[in-house]
Structures are given as structure tokens and as C-alpha cells.
Amino acid sequence: MKLSQLVEAVNGEWLVQCEETEISVAFASDLMSDVLAMVQENPEATLLVTGLCNAQSIRTADMLDIRNILVVRNKKYNEEEIELAKDCGINVVATPSTMFESCALLHEKGLKSV
């Protein structure tokens, strides 16, 4: 699934748009320790779905080479965090949907779980 298709599927809004990427799997968590324990062969094709809207989620994604974050429940990063995501080359999309709803919508569109 292309990131632009994901934005449409979850009625999302771009917060940071670095480049169009292809996403093949998703992982949903607000616990960054769980994200750090995730082992993925193709991290740049992974989507992190989270409600944690702070620099920690961006830095965690960057450490794992994850280049796509979906922030749920209409949360938004502040300007410093937006700049950090841009500097790290991480695409960020916000959606009004809950984490559960977002995952269901993406699964329905064919996105697989990690």
C-alpha cells in the first residue's frame, strides 16, 4: 500500500510528507519499549501506529529505520517535533480515528501486521 493510499483510507492529514513510500506491514503501540522489541526485516516499509505524540515516538522510529508514523485520535506533534521528523526523514500522518479503528481500516485494505 502506498502511503498516499493509507492517508485516504484513514481520512488522514499529512503532518510531515518527506517521500511517497510503499508500506507492507504495520505495528500499533503506545509503548515504545514494545516497538523497540519489534524485529522487522524491512523497517522502511513498516508503519508505526501510535497515540504517543512526542519526540520519543519519532526518535524510536528513527532508531529502527521506520519511516512512517500514523498518529491516532487527532493528536498533533508540536513544531519542534515536526522539525525533528523532517530532519529524520519520517513521514507523519494524523487521523481522527482511534488506534483500533485505524488498524481495522488498514487491515481491511490489505495491510498486514508485523
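1. A word on the basis first. This is a predicted model, in which local features need pLDDT of at least 70, side-chain atom pairs count only at pLDDT 80 or more, and totals for chains, interfaces and linings use all residues. Residues are numbered from 1 along each chain as its sequence is written, and side-chain values use heavy atoms, with hydrogens and water left out.

2. The sheet is open and has six strands, ordered β1-β5-β4-β3-β2-β6 with mixed pairing. At its edges lie β1 (13–16) and β6 (112–113), each of which pairs on one side only. Strands here are DSSP E runs of at least two residues and helices are H or I runs of at least four, numbered from the N terminus; two strands pair if DSSP finds at least two bridges between them.

3. Four bridges join β3 to β4, with Thr50 partnered by Val71 in β4. Another four join β4 to β5. Strand β2 (residues 25–28) runs parallel to β6 and is joined to it by two bridges; there, Ala26 stands opposite Ser113.

4. Two right-handed β-α-β units share β4: β3, helix α3 (residues 55–63) and β4 make one, while β4, helix α4 (residues 79–88) and β5 make the other. Right-handed means that, with the strands pointing away from the viewer, the path from the first strand over the helix to the second runs clockwise.

5. Strand β4 is covered on both faces, with Asn68 and Leu70 buried on one side and Ile69 and Val71 buried on the other. Buried means under 20% relative accessible area, exposed over 50%, and partly exposed in between (1.4 Å probe, protein chains only).

6. Which residues of α5 are buried? They are Met99, Ser102 and Leu106. Because they cover an arc of only 65 degrees around the axis, they sit on the same side of α5 (the arc is that of the directions from the helix axis to the C-beta atoms). Their cover includes α1 (3–9), β2, β3 and β4. On the other side of α5, Phe100, His107 and Glu108 are exposed.

7. Finally, do look at Asn91, which lies in β5 opposite Asn68. Asn91 is buried, with a relative accessible area of 1%. A polar atom of its side chain lies 2.7 Å from the backbone nitrogen of Cys18.

Notes
Polar contact = N/O pair within 3.5 Å; in protein donor to acceptor, adjacent residues only side chain to side chain. Contact = heavy atoms within 4.5 Å.
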